[in-house]
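Here are a few notes to go through with the structure open beside you.

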Amino acid sequence: MTSGTTPGLARFNTSADSEALAALHEVCSSSAWGSKILAQRPYTTAEALFLASDAAMAELTAEDLAEAMAGHPPIGRPKAGDPTSSREQSGMAGASEELKAEMLELNLAYQDKFGHVFLICATGKSGEQMRDAVRERIGNSPEAEREIVRTELGKINRIRLTRLAEGA
């Protein structure tokens, strides 16, 4: 183990491909992204892993992005038994029923327009900030929104990869 390699990263580097792919799928459900990250093992530092993730994210096609987004529940409705989404969306946990209803309505309008869930790096954001973001972004063109989603997915991946590298 090199000096920059954390125990979680060392485990990831030495795990069987199937185990590593399963861990990567928990980070991002794009199989193209996961395959690119897997192919570059071993990683000496978390930063090297982040840079590989960013490069892989930049190369994803519209179909790959759709696959990645399919793994994310709507804001305010994390999947039951999904502690990652619940933790990331904790800003909605204490939201008023009115705000939750408004988010549901906005999520549905966004899905109708773009054909996928509204995706935002929700970590650290309040329910109001997420609502304001969907209100703002619903006016985007599909092309502009796809690039915003790519950026947001990259942020989410970095947070999740940090947890993987730290062994959390």
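1. Burial and overall make-up. In this predicted model, 42% of the 168 residues of the protein chain count as buried. The chain has ten helices and zero strands, so the order of elements from the N terminus on reads α-α-α-α-α-α-α-α-α-α.

2. Aromatic pairs. How many aromatic pairs does a search of the whole structure find? It finds three. One of them is formed by F12 and Y43 and is stacked, with 6.4 Å centre to centre and 25° between the planes.

3. A charge over a ring. R41 lies over the face of F12, at 5.5 Å from the ring centre. The ring of F12 thus has two partners to inspect, R41 over its face and Y43 in the stacked pair.

4. The pair in α8. Y110 and F114 form an aromatic pair that is tilted, with 4.6 Å centre to centre and 45° between the planes. Why are Y110 and F114 separated by about one helical turn? Because they are four residues apart in helix α8 (residues 97-114). The general rule behind this is that an α-helix has 3.6 residues a turn, so residues three or four places apart point the same way.

5. Y110 counts as buried because its relative accessibility is 0%. F114 has a relative accessible area of 14% and is therefore buried too, the cut-off being under 20%. Together with F118, Y110 and F114 form one aromatic cluster.

6. The buried side of α9. Which residues of helix α9 (residues 127-137) are buried? They are G127, M130, R131, A133, V134 and R137. These residues cover an arc of only 160° around the axis, which puts them on the same side of α9. Note that the set includes two arginines, R131 and R137.

7. Helix pair α2 and α3. Two packed helices are described by the angle between their axes and the distance between the axes. For helix α2 (residues 17-27) and α3, the axes come within 9 Å and cross at roughly 130°. α2 and α3 are therefore oblique to each other, and their crossing is right-handed.

8. Helix pair α5 and α10. Here the axes of helix α5 (residues 62-69) and helix α10 (residues 142-166) come within 11 Å and cross at roughly 55°. This pair is therefore oblique. The crossing of α5 and α10 is left-handed, whereas that of α2 and α3 is right-handed.

9. A residue in α10. Finally, please have a look at I148, which is placed in helix α10. Is I148 buried, partly exposed or exposed? I148 counts as partly exposed, because its relative accessibility is 28%. The C-alpha atoms of I148 and I120 are separated by 8.7 Å, with the two residues 28 residues apart along the chain.

Key. Residues are numbered from 1 along each chain as its sequence is written. This is a predicted model: local features need pLDDT of at least 70, side-chain atom pairs count only at pLDDT 80 or more; totals for chains, interfaces and linings use all residues. Side-chain values use heavy atoms; hydrogens and water are left out. Buried means under 20% relative accessible area, exposed over 50%, partly exposed in between (1.4 Å probe, protein chains only). The arc is that of the directions from the helix axis to the C-beta atoms. Rings of Phe, Tyr and Trp (its six-membered ring) pair if their centres lie within 6.5 Å; planes under 30 degrees apart count as stacked, over 60 as edge-to-face and the rest as tilted. A charge sits over a ring if NZ of Lys or CZ of Arg is within 6 Å of the ring centre and within 35 degrees of the ring normal. Axes are lines fitted to C-alpha atoms, for helices over the stretch in contact, and angles run from 0 to 180 degrees between N-to-C directions. Angles under 35 degrees count as roughly parallel, over 145 as roughly antiparallel, 65 to 115 as roughly perpendicular and the rest as oblique. A crossing is left-handed if the near helix is turned anticlockwise from the far one by less than a right angle, and right-handed if clockwise.
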